[in-house]
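Subject: Structure handover

Dear colleague,

I am passing a structure on to you, and would ask you to open it before you read the notes that follow. They go through the parts I looked at, one after another.

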Amino acid sequence: MVLLRRVIGDALRARRQGQHRTLREVSTAANVSLGYLSEIERGQKEPSSELLAAICDALGARLSELLREVSDTVALAEQMPGVLLPVQDEPVDAVRRATGRGVRQVTSDGAVAVSVRQDSPLKATLRSTRVRPSERDVVCAA
């Protein structure tokens with residue numbers, strides 16, 4: 001099962017770390033306790049819409065951008081067999097043996113890469129990253 005709070009937390013952490021900012025800096029700017037922001041980033045707490053908007057504001061990001069990124073990640077997960085529903089002919093143990101702890105990757109339109117670790121038949125951990133332009137396939141017209 002994909003936990004929305006984990007995907008949201010991963011997206012927030014990636015934005016914060018991309019800005020080389022500390023939890024303390026962002027928690028102060030968003031007026032949220034450092035511990036609570038840490039729990040949100042680790043996917044242990046699910047923020048309210050008001051709190052999520054405050055954190056996005058503190059990061060200089062639009063809420064719609066963050067939600068679009070989260071939506072893209074979840075959409076990719078939905079396309080992967082066994083992430084949202086168990087795969088009938090591919091038990092989790094076999095996936096773990098074949099791929100090393102059930103880690104699989106997929107990319108969508110070259111902009112987002114998602115890695116999925118299948119922890120159990122009903123639990124998966126998603127990690128999404130934006131693919132940098134230098135990592136994309138470049139097509140040149142002659």
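For what follows, a residue counts as buried when its relative accessible area is under 20% and as exposed when that area is over 50%. Please also keep in mind that this is a predicted model. The protein chain has an average pLDDT of 75, and 56% of the residues score at least 70. Over residues 85-101 the pLDDT is below 50, and this stretch has 18 contacts in the model beyond near neighbours in sequence; residues 135-142 also have a pLDDT below 50, with three such contacts. Where pLDDT is low, the predicted coordinates should not be read in detail.

Helix α5

Helix α5, which runs over residues 63-79, has 17 residues and reaches 25 Å from its first C-alpha to its last, close to the 24 Å expected at 1.5 Å a residue. Its buried residues are Leu66, Glu69, Val70, Thr73, Val74, Leu76 and Ala77. Because these residues cover an arc of only 160° around the axis, they lie on the same side of α5. On the face turned away from that buried side, the helix carries the exposed residues Glu78 and Gln79.

How α4 meets α5

Two packed helices are described by the angle between their axes and the distance between the axes. For helix α4 (residues 49-59) and α5, the axes come within 9 Å and cross at roughly 105°, which makes α4 roughly perpendicular to α5. The residues that meet here are Leu52, Ala53 and Cys56 from α4, with Leu63, Leu66 and Leu67 from α5; Leu66 is also one of the buried residues of α5.

Leu59 also belongs to α4, and with a relative accessibility of 6% it counts as buried. Leaving aside neighbours within four places in sequence, Leu59 is in contact with Leu12, Arg15, Arg16, Gln19, Arg21 and Val26. Leu59 and Ala30 are 29 residues apart in sequence, while their C-alpha atoms are 8.5 Å apart in space.

In helix α2 (residues 23-30), Leu23, Val26, Ser27 and Ala30 are buried, and since they cover an arc of only 100° around the axis, they sit on the same side of α2. The buried residues of α2 pack against α1 (4-18), α3 (34-41) and α4, and the contact between Val26 and Leu59 brings together residues already mentioned above. On the other side of α2, Arg24, Thr28 and Ala29 are exposed.

Which backbone angles deserve a look in this region? Most residues other than glycine have a negative phi. His20, although it is not a glycine, has a positive phi of about 55°; this residue is placed in the loop between α1 and α2, and His20 is exposed, with a relative accessible area of 73%. Asn31, which follows α2, likewise has a positive phi, of about 60°, although it is not a glycine. Asn31 is found in the loop between α2 and α3, and at 73% relative accessibility it counts as exposed.

Key. Residues numbered from 1 in each chain as written. Predicted model: local features only at pLDDT ≥ 70, side-chain atom pairs only at ≥ 80, totals over all residues. Heavy atoms only, no water. Helix = DSSP H or I, 4+ residues; strand = E, 2+ residues; numbered from the N terminus. Expected span 1.5 Å × (residues − 1). Buried < 20%, exposed > 50% of the residue type's maximum accessible area, 1.4 Å probe, protein only. Arc of directions from axis to C-beta. pLDDT = per-residue confidence, 0-100. Contact = heavy atoms within 4.5 Å. Axes fitted to C-alpha atoms, helices over the stretch in contact; angles between N-to-C directions. Parallel < 35°, antiparallel > 145°, perpendicular 65-115°, else oblique.
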